[in-house]
Amino acid sequence: MENNEKKIEQSRVDEVVAKIDQKIISTDDEFNRAHAETKKVQQTYSDNTSVNYFEVDDRIETSAELQQQRGLVSRLTENESILKTQLSTLKDLKKSPYFGRIDIQDDGEDQTEKLYIGIASFENEDGEFLVYDWRAPISSVYYNGTLGEVAYDTPMGRQLTNLKKKRQFQIVDGDIRNMFDTNETVGDEMLQSALGEQNDEYMQNIVATIQHEQNDIIRDTTSHLLVVQGVAGSGKTSAILQRIAFLLYHSRDTLEADQIILFSPNKLFSHYISEVLPSLGERNMRQVTFDEFIDNRLKGLNVQSLFERYETDGKLTEQQRLVRGFKESAKFMDEVQEYCDNLQPSQIFFSDIIFNDSIFFSKQEIQDIFDSFPKAAKVYDRFLHTKNELIKRLKRRIDDETKADWVNDEIDQMSNEQYHDLLAGKELGKFQNEDAERFFIARKIVSARLRVVYDAIFNDNFFDAYLQYGDFLKKVDLPQTIETPQWLQSVDEFNHSIEFHAIKLDDCAPLLYMRDYMCNSGQNNTMKYLFVDEMQDYSVAQLKYLRYAFPKTKWTLLGDSEQALFKDVEQPKEILDKLNAAFHVRRSRLISLMRSYRSTLPITNFAKSILPNGDDIEAFTRPGDIPELVLTSDFNDGIKQLRKVITDQQAQYATVAILTKNMTEAQQVYEKLHALGNVTLLQDADRTLPKGILVLPIYLAKGLEFDSVIAWDTSEKNYPDESLLGTLYTIITRAMHHLTLISLGDVTPLISDESLTDRKIKIEKKIRK
Ligand SMILES: Nc1ncnc2c1ncn2[C@@H]1O[C@H](COP(=O)(O)OP(=O)(O)OP(=O)(O)O)[C@@H](O)[C@H]1O
């Protein structure tokens, strides 16, 4: 582009940066003032809390004052934190105020308007926008439109304008490094340069280079169920993070980051993506792995993790697979519900409520209460009534117990201070007589003693969900494919594990559903959006349970059916149909992302070559080395070659990841390497990714990417058939710049001879027999 144009643009950048500088100074002043004020109020607050309460009246007054001060402190701290966020956004803007420009001309106007787009909006003193936030309605023109007539959505409806020019910038520390005019969404040059950079510990935001189809995902505000099927590296995770930032902006008056929950594949991933939203000036949403979520709901039980399950997955018989498939189906969840709806009181497994080793409420009493409510009512309503009645009865028992000798003794032995503490200040002087006051104190003592009974009722401990579920398992109608002995064996296994406080993953969703459905509990009504990344790892039963647990949420599910570990691939349309049937949602939409951005062209071409429908994947044309296959004769030889590859790769990249099929292999490799130093074996509980040589099983690397990947033991023995295709594909597609496969013996048949002859992969070494 002409130098002159660049000069004009650079001088605009300089002007904007100068204005941002001024704003930084004034915001900094404001921040310091706010900080000083908060400190001052906090100081008075702490002086006040150390007041020596002597008279009760004083105490009341002080408490009201304290309430007021507490409110003030929290308002001031909030103000301070807003200013802090503003400051950090301004500092980011100063380095790179914008990345795009659009020239538009509305109908009937004779002037074109130039709008600049950046990570946040910035106005001058007159309220004129020098930079538009990338999420503003008009900014969608930058991402979606090609030159000419374009439409964009605004709160007032669809608007039309004429897009005359689209320009992209790469501005580093206030200097324009590159600028291009383009007719495309975002030109390839920008993308090339964004993708060519080496991997970092954290994922970066992609707002400067969002692609058209990714933009559809980000800006969808109408779908109640949005399913994104995207090939490996197509930006699914990136798209959801920018989508969350977009939703927070779009609904800023009604939506908080805490009302968005993301189910992520592992803890490393949570760390990896943790900087994207803050870099866009937003708070992070809630994040949880499915394992953590389930563990939390089944406290006291040792829940099989998804990772533990992967470790045993290869060894299942066909019948065991069918049993699992049934337990993971929508049908099974429907059966659970039907079973619950039709239970007679005598079929419900109530438990005694025990206090001090004796029965406080017997199961018979609980069953009688349940039975006394109208038969036509739903089981959960009758449960709720039972619960309320039990609490009523508990209160009565508390009142009766206040007269017991032990209570009177306890009161008599109390110090004055303890007695006053129990009165909680404000009650003093409000009693009609001494008896009333003593009754009040006695009630407090008994209530505290019987708190465990209250908790047992409140937490539905009078219902034995495990026995109930075991009973359901015995009665459920089986599909024809499952043989009864095999099923009964699985029921025995369930009962046996429960005795040892353990449970398999596939029983969790139906069991929790049964427990919560019966007890009318376990629902979170405050969450508004739910995101699931790597949806192919979830069963429909699990998703159905999440649907129950978060009933008010709109859903975005993302995944890649090809990356299913240890199971068969499902077509995206099948998944959507299955979900639509299971959830009965009103507005659902499927978006497919076929272009892969993560890896270089040779790596993506190789990855495509192992998939039956690989041709559908579009590679992004980023040059790089052809992947290498190192054929070795046995384990020791494999390790020797591995060390060579590591040395070679370390010369170029700060991180080299060795990915294995499972933890056993990862441990074997680690043992042989750890003497090299700077080698880390990653575990389920790890939350951070160090630099250096990393050894990890593929399930811990889900969603992550590395500069250089070494796939350990891709032999025929280790990857004998199609059932492991997803696993191999997932390993290969973690590589951004370099990929090496090491095979102990003949290479897996999943890599075809054609790939080898086409030089999609080059062989480094022949097997020495
Ligand atoms: N529009 C884009 N501009 C720049 N980089 C992008 C863009 N889209 C994706 N990327 C980059 O491509 C890589 C892969 O993206 P991401 O991890 O979001 O893909 P994914 O579909 O979730 O992958 P997978 O399913 O394989 O885990 C990341 O480094 C991301 O920053």
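Trainee: What percentage of the 769 residues in the protein is buried? Please then turn to the contact of α21 with α22, and tell me which residues meet there.

Mentor: Please bear in mind that this is a predicted model. Buried residues make up 36% of the 769 residues. The secondary structure comprises 28 helices and 26 strands, and the C-alpha atoms fill a box of roughly 95 × 75 × 60 Å along the principal axes. Of the contacts between residues at least 6 apart in sequence, 73% join residues at least 24 apart.

Let us now turn to the pair of helices. Helix α21 covers residues 505-519 and helix α22 covers residues 540-549; their axes come within 9 Å and cross at roughly 30 degrees. Because angles under 35 degrees count as roughly parallel, α21 is roughly parallel to α22. The crossing in which α21 passes α22 is left-handed. On the α21 side, the residues that meet α22 are Ala509, Pro510, Leu512, Tyr513 and Asp516. Their partners in α22 are Ala541, Gln542, Tyr545 and Tyr548.

For another part of the protein, consider Gly233, which lies in the loop between β8 and α6. Gly233 counts as buried because it has 27 C-beta neighbours inside 10 Å, and 20 or more are required. Beyond its neighbours within four places in sequence, Gly233 is in contact with residues including Ser596 and Thr733. An unreviewed UniProt entry lists Gly233 among the positions of a "binding site".

Terms used:
Residues are numbered from 1 along each chain as its sequence is written. This is a predicted model: local features need pLDDT of at least 70, side-chain atom pairs count only at pLDDT 80 or more; totals for chains, interfaces and linings use all residues. Axes are lines fitted to C-alpha atoms, for helices over the stretch in contact, and angles run from 0 to 180 degrees between N-to-C directions. Helices (H or I, at least four residues) and strands (E, at least two) are DSSP runs, numbered from the N terminus. Angles under 35 degrees count as roughly parallel, over 145 as roughly antiparallel, 65 to 115 as roughly perpendicular and the rest as oblique. A crossing is left-handed if the near helix is turned anticlockwise from the far one by less than a right angle, and right-handed if clockwise. Two residues are in contact if their C-beta atoms, placed from the backbone, lie within 7 Å. A residue is buried if 20 or more other C-beta atoms lie within 10 Å of its own, exposed if 12 or fewer, and partly exposed in between; C-beta atoms are placed from the backbone. UniProt positions are given in the numbering used here, feature names are shortened, and annotations may be inferred rather than shown by experiment.
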